[in-house]
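Reader: I am new to this structure and would appreciate a guided conversation about it. Could we begin once it is in view?

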Amino acid sequence: MSKSRVSDPLVARAREAALGAYAPYSRFSVGCAIESVDGEVAIGANMENACYRLGVCAELAALTAAQQAFGLGNIARIAVAGGNVDADGNLAGEGVVTSCGGCRQSILEAAHVSGRDLEVVSSNGDGTDVRTDLISALIPHGFGPANLEDAG
Ligand code: THU
């Protein structure tokens, strides 16, 4: 069965970004593209390390780039795509990649800063299947800045 490609340009940017991943250990490339309220896009990809636990997720890399480019408070939308890089050099893979728990927490922080319930578009590798969720649904009852108000 051939599936049609997803037309969302932000998903295309996330798939492209995944090609810049450094993932020699998992061989699983993830890309993230973050769009600002003004239509600017910041990207990131996962970067692994021989000391496995020091690897960085694509979302965190992209959030850092977004903070530099236009500020967490100006994020409008986030796209994530992951899979393997095929023989033609394209991102491939059937399964939709939804952000890990740590990345959801980091996206939630950006949602708090922006005051918006951010939309996260999650795609499979070959860009034929996506799901769209609000960060509040991906991490319900998340810990946020308000919790720290009780600090002494
Ligand atoms: N990874 C991400 O970049 N984002 C996620 O949300 C899930 C996992 C990366 C980390 C690691 O380099 C590879 O995917 C396999 O876990």
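Predicted model: local features only at pLDDT ≥ 70, side-chain atom pairs only at ≥ 80, totals over all residues.

Reader: Understood. Is Ala42 buried or exposed, then?

Author: Ala42 has a relative accessibility of 4%, which is under the 20% limit, so Ala42 counts as buried. Its place is in strand S2.

Reader: Which residues does Ala42 touch, sequence neighbours aside?

Author: Not counting residues up to four places away in sequence, Ala42 touches Cys32, Ala33, Ile34, Ala62, Ala65, Ala66 and Phe70. For Cys32, the C-alpha atom lies 8.3 Å from that of Ala42, and the two residues are ten apart in sequence.

Reader: Phe70 is on that list. Where is Phe70 placed?

Author: Phe70 sits in the loop between H2 and S3. With 11% relative accessibility, Phe70 counts as buried.

Reader: And what does Phe70 touch?

Author: Setting aside residues up to four places away in sequence, Phe70 touches Ile34, Glu35, Ser36, Glu40, Val41, Ala42 and Ile75. As for Gly31, which is 39 residues from Phe70 along the chain, the C-alpha atoms of the two are separated by 19 Å.

Reader: Ile34 keeps returning. What is Ile34 in contact with?

Author: Leaving aside neighbours within four places in sequence, Ile34 is in contact with Leu10, Glu40, Val41, Ala42, Ala62, Leu63, Ala66, Phe70, Ile75, Arg77 and Ile78. Ile34 is also one of the residues with the most contacts inside the largest nonpolar core, together with Ile75, Ile78, Leu118 and Ile135.

Reader: How many residues does that core have?

Author: The largest nonpolar core has 23 residues. Two or more residues come from each of strand S1 (29–36), H2, strand S3 (75–85), H3 and helix H4 (135–138). Another core, of nine residues, lies apart from this one, and includes Val11, Ala33, Ala79 and Val121.

Reader: Let us turn to the helices. How do the axes of H2 and H3 cross?

Author: The axes of helix H2 (residues 58–69) and helix H3 (residues 101–114) come within 9 Å and cross at roughly 25 degrees. That angle makes H2 roughly parallel to H3, because angles under 35 degrees count as such. The crossing of H2 past H3 is left-handed.

Reader: Which residues meet there?

Author: From H2, Glu59, Leu60 and Leu63 meet Cys103, Ser106, Ile107 and Ala110 of H3. Of the residues in this contact, five are nonpolar, one is polar and one is charged.

Reader: What about His141?

Author: His141 likewise has a positive phi of about 55 degrees without being a glycine. Its place is in the segment after H4, and His141 is exposed, with a relative accessible area of 84%.

Reader: Back to the strands. Is Ser29 buried or exposed?

Author: Ser29, which is found in strand S1, is buried, with a relative accessible area of 8%. Beyond its neighbours within four places in sequence, Ser29 is in contact with Ala18, Ala21, Asn46, Ala81, Gly82, Gly83, Val85 and Leu91.

Reader: Finally, where is Glu119 placed, and what does Glu119 touch?

Author: Glu119 is in strand S5 (residues 119–123) and is partly exposed, with a relative accessible area of 30%. Not counting residues up to four places away in sequence, Glu119 touches Ala76, Arg77, Ile78, Thr132, Asp133 and Leu134. Glu119 and Ala76 are 7.5 Å apart in space, C-alpha to C-alpha, and 43 residues apart in sequence.

Terms used: Residues numbered from 1 in each chain as written. Heavy atoms only, no water. Axes fitted to C-alpha atoms, helices over the stretch in contact; angles between N-to-C directions. Helix = DSSP H or I, 4+ residues; strand = E, 2+ residues; numbered from the N terminus. Parallel < 35°, antiparallel > 145°, perpendicular 65-115°, else oblique. Left-handed = near helix turned anticlockwise from the far one by under 90°. Contact = heavy atoms within 4.5 Å. Nonpolar A, V, L, I, M, F, W, Y, C, P; charged D, E, K, R; others polar. Core = buried A, V, L, I, M, F, W, Y, C linked by side-chain atoms within 4.5 Å. Buried < 20%, exposed > 50% of the residue type's maximum accessible area, 1.4 Å probe, protein only.
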